[in-house]
Amino acid sequence: ISPGISKTSMLGCFATNSDIPLIAELEYGFLHCSCPVLAITGTNGKTTTVEMLTHILSLCGKKVMSAGNIGIPLSEVSGKSGNLDYVIAEVSSFQLEESKHFAPLAAGIINITDDHMDRYDGISGYARAKFNILQNIYFPEKIVLGKTVYDKYWEKYAPKNLRNKKPLTVENNSSREPNSDFYTNKDGYIYKQERGTLLFEKILDTQLLRLNGQHNFENLMIALAMSQIVGINIHNAKDALFSFCPGSHRQEIIAVAEGIRYVNDSKATNPDALLNALRRFGEKKQQNIILIAGGRDKNMCFSETRSLVAQYVKRVFVIGESRTKLTKEWADFVLCTQTASFISAIDGAMEIASSGDTLLLSPGCASQDMFVDYVERGEIFSKEIKRRLG
């Protein structure tokens, strides 16, 4: 069954009620894979973390391919896996729903925030699906979690045989005494703690990387921890990161003209991703962001975005199915203009932008109401901006 077809849909019910065994595409691919699989899930940052881990292992001499939610199905890559050391799988909650025997060598859960509430019975159902990635892992040292995932969800949803044990954890922007295997604080360095000791090693200055945004440091630490699990020397893994460049459509600065930054963050398909973009590009002393937002909202809650929108955004152009919902959410503290088309939103935003502003496409919503996917949305935005700027 395709991950895009829920069990409660017409096709999903037909498949479930038939006499034919039902298997997830992820599991089908895994059962035909000839090499170990490393799996990563989370609400945000999955693709970047998979790309990062693939980059590290490749530069450290391993034969690897990425697969899954990143774009190439695991069932396609499995046919080539006999010549590989590892397949690195980006895994979505949808893919995990019908996976019973999926057993990666190691797995990471980066974060769990509000998303896909049109498919699940609240955040608990969503978190339960995410934790299916761990159901066939029997050693805590093969698991890496973001600290917030460990704090909020481990005792509820971890496999019963592991709940009284601690997996590897990473902690981003720690403001207290850290209690994680990897952590970063406000000095911009990544630290590694030796388990069972109070010894911390400073291993990486994030300011030397091409990776931007505080949220990406959590992704980076997950990738480092996964590298360590498969025996890569931590300093070799660190050195590989200096040449890593994140992919398109993720807080991508596509142009700077007349003092205006133009940013393609089409990959922001939920409120938490939108918040990350506002934190990165917002100026504390002024409302400097002209925001294009909206799309298919998946029944998500946007209340947590209010304070940062009020603080950083001076105008919103709202598009797609969620434009009325988002206007009601933000209209009390920022001028919201609903537009019937994506192009008119771009035109309106460019018309009022001035030096010092950031024109930011960070929809906070899925794209399928107007586009094939977030990639098409981002490519159209980039093309239209560059055409208008000459």
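This is a predicted model: local features need pLDDT of at least 70, side-chain atom pairs count only at pLDDT 80 or more; totals for chains, interfaces and linings use all residues.
1. A residue is called buried when its relative accessible area is under 20%, exposed when that value is over 50%, and partly exposed in between.

2. The side chain of Asp-115 meets that of Lys-298 in a salt bridge, with 2.7 Å from N to O. The pair links distant parts of the chain, since Asp-115 sits in the loop between β4 (106–109) and α6 (123–131) while Lys-298 sits in the loop between β12 and α11 (306–312), 183 residues apart. Lys-298 is likewise buried, its relative accessible area being 7%.

3. In the whole structure, a search finds 14 salt bridges, and another of interest is formed by Arg-296 with Glu-321, whose closest N and O atoms are 2.7 Å apart. Arg-296 belongs to the loop between β12 and α11 and Glu-321 to the loop between β13 and α12 (323–330), so this pair ties together parts that are 25 residues apart in sequence. Arg-296 counts as partly exposed, at 32% relative accessibility.

4. Lys-238 is buried, with a relative accessible area of 16%, whereas Asp-239 is partly exposed, at 42% relative accessibility.

5. Turning to the strands, six of them make up an open sheet with mixed pairing, in the order β10-β11-β15-β12-β13-β14. Its edge strands, each of which pairs on one side only, are β10 (252–257) and β14 (336–338), and the twist from one strand to the next averages 15°. Within this sheet, β12 (residues 289–294) and β15 (residues 358–361) pair in the parallel sense over four bridges, and Ile-292 has Leu-361 as its bridge partner in β15. Helix α10 (residues 271–281) lies across β10, β11 (260–264), β12, β13 (313–319) and β15, and runs at about 165° to β15.

6. Ala-223, in helix α8 (residues 215–229), is buried with a relative accessible area of 0%. Leaving aside residues up to four places away in sequence, Ala-223 touches Thr-49, Met-52, Leu-53 and Ile-56.

7. On the surface, Ile-23, Tyr-28 and Leu-31 form a nonpolar patch, with about 270 Å² of accessible area together. Leu-31 lies in helix α2 (residues 25–31) and is partly exposed, with a relative accessible area of 49%.

How values were computed. Residues are numbered from 1 along each chain as its sequence is written. Side-chain values use heavy atoms; hydrogens and water are left out. Two strands pair if DSSP finds at least two bridges between them. Helices (H or I, at least four residues) and strands (E, at least two) are DSSP runs, numbered from the N terminus. Axes are lines fitted to C-alpha atoms, for helices over the stretch in contact, and angles run from 0 to 180 degrees between N-to-C directions. Contact means heavy atoms within 4.5 Å. Buried means under 20% relative accessible area, exposed over 50%, partly exposed in between (1.4 Å probe, protein chains only). Patches are made of residues with over 30% relative accessible area and no salt bridge: like charges are joined within 9 Å, nonpolar side chains (Val, Leu, Ile, Met, Phe, Trp, Tyr) within 5 Å. Accessible areas come from the Shrake-Rupley method with a 1.4 Å probe; for residues, only the protein chains shown count as cover. A salt bridge is a side-chain nitrogen of Lys or Arg within 4 Å of a carboxyl oxygen of Asp or Glu.
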